Amino acid sequence: MANSGGKGDTFVMRRSFLDAIDNLDDAKFRKMIHALADYGFEQKPPQLEPELNAVFSLMKPAIDSSFNRHKAATENGKKGGRPPKKAKPVAKPVPKVEPKPVVNQKPTKEKPMFCECGGTLRESRDGKLICLSCLKEY
Ligand SMILES: [Zn+2]
């Protein structure tokens, strides 16, 4: 049995491939089948006469793409397939946080500024307002 070398043991035969090689003579047909298989299994570029190589190069992209898909699938499989779904919290609509309008950055004192006598009020150390003119406390 041929050594598969751990590489692919299937390859894609497309109808278009067969159509392309179907009218070759038996010897060439055989070569092409082997070229496709070698390339499909082993990624081994075939040594073909120019005529056949031209046919092969038309098929090569399709072989490459199916090989890459297979390879990707195999590698995903080695990693245990699809990554497990994280238990996502159900996406709740994010409540819109309205920024509180900044009304007063510097809180204005609601305390009176002036005494009824017209004097200026000042805050004393103990927090009382005292008129500078008449010394009345507020
Ligand atoms: Zn006063």
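## A tour from the helical core to the chain's end

Begin by selecting F17, I21, M32, A35, L36, F56 and M59, the seven residues of the largest nonpolar core. Such a core is a set of buried Ala, Val, Leu, Ile, Met, Phe, Trp, Tyr and Cys residues joined through C-beta atoms within 7 Å. A residue is buried if 20 or more other C-beta atoms lie within 10 Å of its own, exposed if 12 or fewer, and partly exposed in between, with C-beta atoms placed from the backbone. Helix 1 (15-21), helix 2 and helix 3 each supply at least two residues of this core, and helix 2 gives the most, with three. In soluble globular proteins, nonpolar side chains tend to be buried together.

The model under view is predicted: local features need pLDDT of at least 70, side-chain atom pairs count only at pLDDT 80 or more, and totals for chains, interfaces and linings use all residues. Residues are numbered from 1 along each chain as its sequence is written.

Next, select M32, a member of that core. Neighbours within four places in sequence aside, M32 is in contact with I21, L24, L52, V55 and F56; contact requires that the two C-beta atoms, placed from the backbone, lie within 7 Å.

Now display the whole chain as a cartoon. Three helices and two strands are present, in the order α-α-α-β-β from the N terminus. These elements are DSSP runs numbered from the N terminus: helices are H or I of at least four residues, and strands are E of at least two. Of the 138 residues, 7% count as buried. Among contacts between residues at least 6 apart in sequence, 35% join residues at least 24 apart.

Move to Q43, in the loop between helix 2 (26-42) and helix 3 (50-78). Q43 is not a glycine, yet its phi is positive, at about 60°. Is Q43 buried or partly exposed? Q43 is partly exposed, because 13 other C-beta atoms lie within 10 Å.

Then go to L135, in the segment after strand 2 (129-131). L135, also a residue other than glycine, has a positive phi near 60°. L135 counts as exposed because it has 11 other C-beta atoms within 10 Å.

Finish at Y138, likewise placed in the segment after strand 2. With 12 other C-beta atoms within 10 Å, Y138 is exposed. Which residues does Y138 contact, leaving aside neighbours within four places in sequence? They are P112, L121, K128 and L129. For K128, draw a distance to Y138: their C-alpha atoms are separated by 6.2 Å, although the two residues are 10 apart along the chain.
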